[in-house]
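Hi,

Here is the structure I promised to pass on. Please load it first, then read my notes below.

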Amino acid sequence: MDLNADLGEGFGSWPMGDDTALLDVVTSANVACGFHAGDPSIMRRVTARAVERGVAIGAHVGYADKAGFGRRFVDIEPDALRDEVVYQLGALDAFARIAGDRVRYVKPHGALYNTIGHHEAQATAVVAAVADYDKSLPVLGLPGSAWLRLAADAGLTVVHEAFADRAYTPEGTLVSRREAGSVLHDADEIAARCTAMATGQPIRDDSGGSLVVEPASICVHGDTPGAVDIARRVRGALEGAGVTMRPFTG
């Protein structure tokens, strides 16, 4: 099982999360590419530390929305969105290569991630950006999303992920962050859910029913309070259940 986290999401003097500590726990790092968060110096530092620790580097591409942390929908023209995603990929890949590796996969961030789950035009634009830049890059997303369907149609490798600390609807989508209880904070509960996910057992959805998810990667959010402790508890629980931890990129 792969364990991924969103990293590099500070900006200038403003930190966000403990990137260094999380890089000792996760196997893949979704690194902000400067649009929703991050800046060139942060990208350089995080990619260098990821390479030192053998953590796979992923491009965490998003809307150009630093003030909203990329969590607000942007009604951008598809061609412009395609080019902005290519721009972000190229920027992060440059720093990854300086560090001795390269970008290994792509995961959209925040509102872009949610929007391309159903917005065909924007999903097509993001798929086109990845295919134009490097068709060998796997893409990470929720099962059943338009993003992964269109990516598969374009010949990209799709990877299903689940979220350690987010509540699910009965349909397998994420409960909106505007809803109470959408983000989980109990480390024991989160670790138990992740073990269930990784071993094919059901978890509880927000209506009290059972939901089976079969991810190749589990995300722990780097900006969640207590993120490092949660990530350590999750990894410990997975390894205690006999799950081998490694990047899904190989």
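Glu 161 sits in strand β6, residues 158–163. Its relative accessibility is 2%, so Glu 161 counts as buried (buried is under 20% relative accessible area, exposed over 50%, partly exposed in between, with a 1.4 Å probe and protein chains only). Beyond its neighbours within four places in sequence, Glu 161 has contacts that include Lys 107, Tyr 113, Tyr 168 and Cys 219. A contact is heavy atoms within 4.5 Å.

**Provenance**

This is a predicted model: local features need pLDDT of at least 70, side-chain atom pairs count only at pLDDT 80 or more, and totals for chains, interfaces and linings use all residues. Residues are numbered from 1 along each chain as its sequence is written, and side-chain values use heavy atoms, with hydrogens and water left out.

**Overall build**

The protein has eight helices and nine strands. These are DSSP runs numbered from the N terminus: helices are H or I with at least four residues, strands E with at least two. The radius of gyration is 17 Å, close to the 18 Å from the globule rule for 250 residues, so the protein is as compact as a globular protein of that length. That radius is taken over C-alpha atoms, and the rule is 2.2 Å times the number of residues to the power 0.38. Along the principal axes, the C-alpha atoms fill a box of roughly 40 × 40 × 35 Å. Buried residues are 53% of the 250. Of the contacts with a separation of 6 or more, 72% join residues 24 or more positions apart.

**Two loop residues**

Asp 134 is in the loop between α5 (120–133) and β5 (139–141). It counts as partly exposed because its relative accessibility is 23%. Its side chain makes a polar contact of 2.6 Å with that of Ser 136. Asp 83 is 51 residues away along the chain, and its C-alpha atom is 14 Å from that of Asp 134.

Phe 69 is in the loop between β3 (56–61) and α3 (78–98). Its phi is near 55 degrees, a positive value in a residue other than glycine. Phe 69 counts as buried, because its relative accessibility is 12%.

Best wishes

Definitions and conventions: Polar contact = N/O pair within 3.5 Å; in protein donor to acceptor, adjacent residues only side chain to side chain.
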